[in-house]
Amino acid sequence: MESLSLTVNGKPVSAEVEGRTLLVQLLRETLGMTGTHVGCDTSQCGACLVHVNGDVVKACTMFAFEADGAEVTTIEGMADGDDLHPIQEAFRTHHGLQCGFCTPGMIMSAAALLKENPKPTEAEIRHHLEGNICRCTGYHNIVRAILAASGQPVPERTATATADA
Amino acid sequence: MEKFGKAQPVARFEDHRFVTGHGRYIDDIAPEGALHAVFVRSQVAHGTLAPVDLTDVREMDGVRLAVAAEDLDELGVRNSMKATVVKNRDGTKGVKTLRPILATGRVRFVGEPIALIVADTLAQAKDAAEAVFAEIDDLPAKVDIAPGGETLHENAPENVAFTWGKGDEDTVKSAIAGAAHVVHTRVVDNRIIVNSMEPRGCVADWDGERLHFGFGGQGVWGTRDELAKMLDLKKKQVHVTNPDVGGGFGMKGMDYPEYFSIAGAARALGRPIRWMSERTEAMLSDNGGRDLISDTTLAFDADFRLVAYHVETVCNLGAYNSQYAQPIQTDLFLKVATGVYDLRTVSLNCRGIYTNTTQIDAYRGAGRPEAIFALERSMDNAARTLGVDPLDLRRRNFIKPDQFPYKTALAETYDVGDFERVLDRVAREADLAGFAARRAASEAKGKLRGQGLCYYIESILGDKEETSAIEYGDNGKVRLYVGTQSNGQGHETVYATFLSDQTGIPVEAIEIVQGDSDLIKEGGGTGGSRSVTVQNTATLATVETMTRAFQSYLAEKTGEDGIEFDDERFRIPGSNETPTMLDVAAMARADGREDLLRFQEKIELESRSFPNGAHIAEVEIDPETGLVSVDRYTVTDDFGNLINPMLAEGQVHGGVAQGIGQALTERVVYDGEGQLLTATFMDYAMPRAYDLPMIGFTTEPVPSTTNPMGMKGCGEAGTVGALAAIANAMADAFSTRGLDAPDMPFTPERVWQALQQEAIAAE
């Protein structure tokens, strides 16, 4: 067993874990924070995205002990009390989710994008989301939500060119 | 329409919990201390299985139970799954296979469950599962979709499960023989893996008398009845729940063997057990979709009017009959086989084939996407072959507005429709006029551009009956109990908004209760694009009953007749009092009138409704790489009246994306030995954000006459239309090089290879 201490959403936590315990298992099973999801086990789908020391990380691909001493932010740490984070609010307003399973990862991914690139184009958003898979929305309203969260105009209901055009 | 919802794009009430990480999916709600289940699965596609010896495994750390087929009797679990079979053309029945809970004497696909291990921790259960030695004598694997090959089931010679047919073949043959034009088309509808982002999972618990079974599903009552039968329990001993579900798409609507062995294990141990499928496990064991080949013949007269249509289909069933597999490419394909055309002479044949692959069952649209893809791909091919404009060919053959209600040759009666109007609109929205310039611009860049049309129609399906109950709580809340089951569509918002519009009860006071077989007596779950139409019709009936009961009660109390309700308040003649529904319920509670605090009605739709519409796709192909990009995608739908346009549009986006995924990226590969080579997201190409364009969406509603709201259903329509739109656009693009497009999926490698024909031909 490994002892570790880290900060999760601003709160210090300590835990005893096996060496093989993954960060996502620590969050979900040990700490009971089930907003971070497991969708593929092979680092493609992005449902498990969290921020570790400010970097966006797939929590299914990192051992818990590697987060010893780190600051971790999960989807549960994005809202400020009852006030949703602007990205959360934009997903809600623009119907950027259906079943909601990929949504925590999408929001954490969008937050990382907007930190680096506050006004991304539609094409930049689509390419940034390469590591996040959604099966319900066709990404249409996810892209619109991220545009809205970045304070840019949101395309209305007309056909537009693809990201690559 | 005003009465039936204000058609507002209301943002969803359920989203707060989803965007903050407080959704409650099945793996989030396991009881404290639940044991973990892991399955030992077959690693070979076909073989003879010796009895599995689990003696040593049972001694391993943390292992509480290890079960193979031989142990199911002791567990009191029946070792056979149920499945529907179809009637053959000759009147006999399709083959019933024995589909075991745990492989019994033989394995028939990679991923088939052989043993169940239950242990204290997930790691212990996995360690024990790895230590199980299953002795399998390999048999040749049968993986192609054609009769013949190594026999899987003794009672299915040549691996043919059924030989289904409808329509008089001789009449069709003679009509084809006498036709001015005949066009043959082969339509390959590729297999997909459903891949809901949340895989399947369940939690089972036994309290000494009753079983609680929670799972990510599409309804609870069918599974309750089946659990009772399989575990020899009374129905009232089984409590089934569905929590938040991370996508289902038909795949989660069927029962699976894992559920029964886990429920039996929970009863045997008297401890809660949890199971969550991993992704590869899901790709090996979830029912897949599509996987059929249809050879079609369209016959026209000299004016290009359809005179006959024949379809010869072979479809893959996988290794066993899944729960509803046999009716999909047969009875459900039939529903809309003749599409939107006035076509009286038609025959369909379909053979179902067993293979050493995972079962195939319902996937978004179940039979209707397949039927429309076959027909609309064939119509497009006919237009190209005969030199007729594809829109014109369709217009010549549309069922005209004055022909409704229109009884199709083999199946349904369409209530209403105006296909010309929808087609006119989509042509404008897609800027057909500007296509030539866009194609020239693509050509100037060295790229190919193609445009494809699909005019689809589909039939909403599932149980025509549904129940709604309205209950006033003593906390000021009103509970609406529903028999459908959200899988992410936003039912909580739609139902609460609808009830509020009908009654004036504030939406904040309304709680939707779904997915609980103890709290709700019966229901039809989600499937077949049925939910909002059937549930709101039931709610409307319940509101009417409640309104009448409240009017009588107020009449008794006040001695006044002629009390009216105006959708918000009761108006009592000669009184300034204008009580709301909540006020009247409070009075009734004070008067001890418990009978006025709960109302329930069950309705049955008189018939189906028929969503229809047109999709126009424009693709651009880079011949250097074979990469296809969908440059424009335009949909005009006739969904009748919409309750929440924003959510309906979201259903279209998602449906189209699943269709584009099947057409462009999603390729399932089994090797000759039946090994699934595309069993992770590293190998199976789920469509990403950059694979898809923004999707243009408009509506031209013709309200349905078969339900009081005039709705038509929207959940599957996007998928139904997308396959042929993309395939026809690819055919159009390839035609600029004088070539035929390859079969779906149009992966870069396949497209590049197909384009090399041109180079070879040129040499």
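Domain bounds here come from an automatic or database domain assignment. On that basis, chain A of this predicted model splits into domain 1, covering residues 2–77, and domain 2, covering residues 86–158. Taken over C-alpha atoms, the centres of domain 1 and domain 2 of chain A lie 23 Å apart. The two domains of chain A touch through 17 residues of domain 1 and 14 residues of domain 2. Between them, about 1,100 Å² of area is buried, with carbon and sulfur atoms giving 65% of it. Three residues deserve a look on screen: His37(A), Leu49(A) and Ile75(A) together supply 41% of the area that domain 1 of chain A buries against domain 2 of chain A, more than any other three residues.

As for the polar side of this boundary, zero salt bridges are counted between domain 1 and domain 2 of chain A, while seven residue pairs, both at pLDDT 80 or more, are in polar contact. On the side of domain 1 of chain A that touches domain 2, the elements giving two or more residues are strand 3 (49–52) and strand 4 (55–58) of chain A. Strand 3 of chain A provides the largest share of that side, with three residues.

Turning to the interface between the chains, 62 residues of chain B and 55 residues of chain A take part in the contact. The area buried between chain B and chain A comes to about 5,000 Å², and carbon and sulfur atoms account for 56% of it. Five salt bridges are counted between the two chains. In one salt bridge, the side chains of Asp28(B) and Arg28(A) meet at 2.7 Å, N to O. Polar contacts link 22 residue pairs across chain B and chain A, both residues at pLDDT 80 or more. The side of chain B that touches chain A draws at least two residues from each of several elements, including helix 4 (122–131), strand 26 (627–638) and helix 17 (645–665) of chain B. Helix 17 of chain B gives the largest share of that side, nine residues.

Within chain B, strand 9 (residues 201–206) is largely enclosed by the rest of the structure, because five of its six residues are buried. Strand 9 of chain B runs antiparallel to strand 12 (residues 273–276) of chain B, joined by four bridges, and Gly201(B) stands opposite Met276(B) in strand 12. Strand 9 of chain B is also joined to strand 10 (residues 211–215) of chain B, again antiparallel, by five bridges, with Trp206(B) opposite Leu211(B). Four residues lie between strand 9 and strand 10 of chain B in their hairpin, where Gly208(B) takes a positive phi near 105 degrees.

Notes
Residues are numbered from 1 along each chain as its sequence is written. Chains are lettered from A and ligands numbered from 1 in the order in which they are written. This is a predicted model: local features need pLDDT of at least 70, side-chain atom pairs count only at pLDDT 80 or more; totals for chains, interfaces and linings use all residues. Side-chain values use heavy atoms; hydrogens and water are left out. Buried means under 20% relative accessible area, exposed over 50%, partly exposed in between (1.4 Å probe, protein chains only). Two strands pair if DSSP finds at least two bridges between them. Contact means heavy atoms within 4.5 Å. Buried area is the accessible area (1.4 Å probe) that two parts lose on being put together, summed over both. A salt bridge is a side-chain nitrogen of Lys or Arg within 4 Å of a carboxyl oxygen of Asp or Glu. A polar contact is a pair of N or O atoms within 3.5 Å; within protein, one must be able to donate a hydrogen and the other to accept it, and residues adjacent in sequence count only if both atoms are side-chain atoms.
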